[in-house]
Amino acid sequence: MDQEREEQLYRLQADLCQALADPTRLKLLSLLGERSRAVKDLVEETGERQAKISQHLAIMRQRGIVRTQRVGTEVHYSLADPRILEACHMTREILLEQLTRHVSLAMPFALTKE
């Protein structure tokens, strides 16, 4: 791969990571990983305002993370590629391992302070 294409790919990857760098969006991805859902269902399941959910979905749609399908009078959202959820699960597992390691390292110090 030539250097210009590689730089472009890095920029696209950074844009994708930036789109995922929000807890609400990650929660939406998790819900959409289970099944396609209407905005009203996502609002109900997250407890967030519809405007906020719609904004997050719009960002993810612009980045090609989710896609839409009209079902009657509703617009349903689904993952454009299920591998995005796999990537999110992988980073979550890494974070859990790091947290576990930090807690186990901190435990001997916590016990000696008492």
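**View 1. The open three-stranded sheet.** The three strands of this open sheet follow the order β1-β3-β2 and pair in the antiparallel sense. Strands β1 (37–38) and β2 (66–71) stand at the edges with a single partner strand each, so one side of each has no neighbour in the sheet. Here, strands (E, at least two residues) and helices (H or I, at least four residues) are DSSP runs numbered from the N terminus, and two strands pair if DSSP finds at least two bridges between them. The structure is a predicted model, in which local features need pLDDT of at least 70 and side-chain atom pairs count only at pLDDT 80 or more, whereas totals for chains, interfaces and linings use all residues. Residues are numbered from 1 along each chain as its sequence is written, and side-chain values use heavy atoms, with hydrogens and water left out.

**View 2. Bridges to strand β3.** Two bridges link β1 to β3 (residues 74–79) in the antiparallel sense, and Arg-37 has Tyr-77 of β3 as its bridge partner. Strands β2 and β3, also antiparallel, are joined by six bridges; Tyr-77 is the bridge partner of Thr-68. In the β2–β3 hairpin, two residues lie between the strands, and Gly-72 takes a positive phi near 65°.

**View 3. Helix α2 and its two faces.** Helix α2 (residues 23–34) lies across β1, β2 and β3 and runs at about 95° to β3; axes are lines fitted to C-alpha atoms, for helices over the stretch in contact, and angles run from 0 to 180 degrees between N-to-C directions. The buried residues of α2 are Thr-24, Arg-25, Leu-28, Leu-29, Leu-31 and Leu-32, where buried means under 20% relative accessible area, exposed over 50% and partly exposed in between (1.4 Å probe, protein chains only). Seen down the helix axis, the buried residues of α2 fall within an arc of 165°, so they line one face; the arc is that of the directions from the axis to the C-beta atoms. Exposed Pro-23 and Glu-34 are on the face turned away from the buried side.

**View 4. The largest nonpolar core.** Leu-29, Leu-57 and Ile-65 touch the most other members of this 19-residue core, a set of buried Ala, Val, Leu, Ile, Met, Phe, Trp, Tyr and Cys residues joined through side-chain atoms within 4.5 Å. At least two core residues come from each of α1 (3–20), α2, α3 (39–46), α4 (50–62), β3 and α5 (83–113); α2 gives the most, with four.

**View 5. The surroundings of Leu-57.** Leaving aside residues up to four places away in sequence, Leu-57 touches Leu-28, Leu-32, Val-39, Leu-42, Val-66 and Tyr-77, contact meaning heavy atoms within 4.5 Å.
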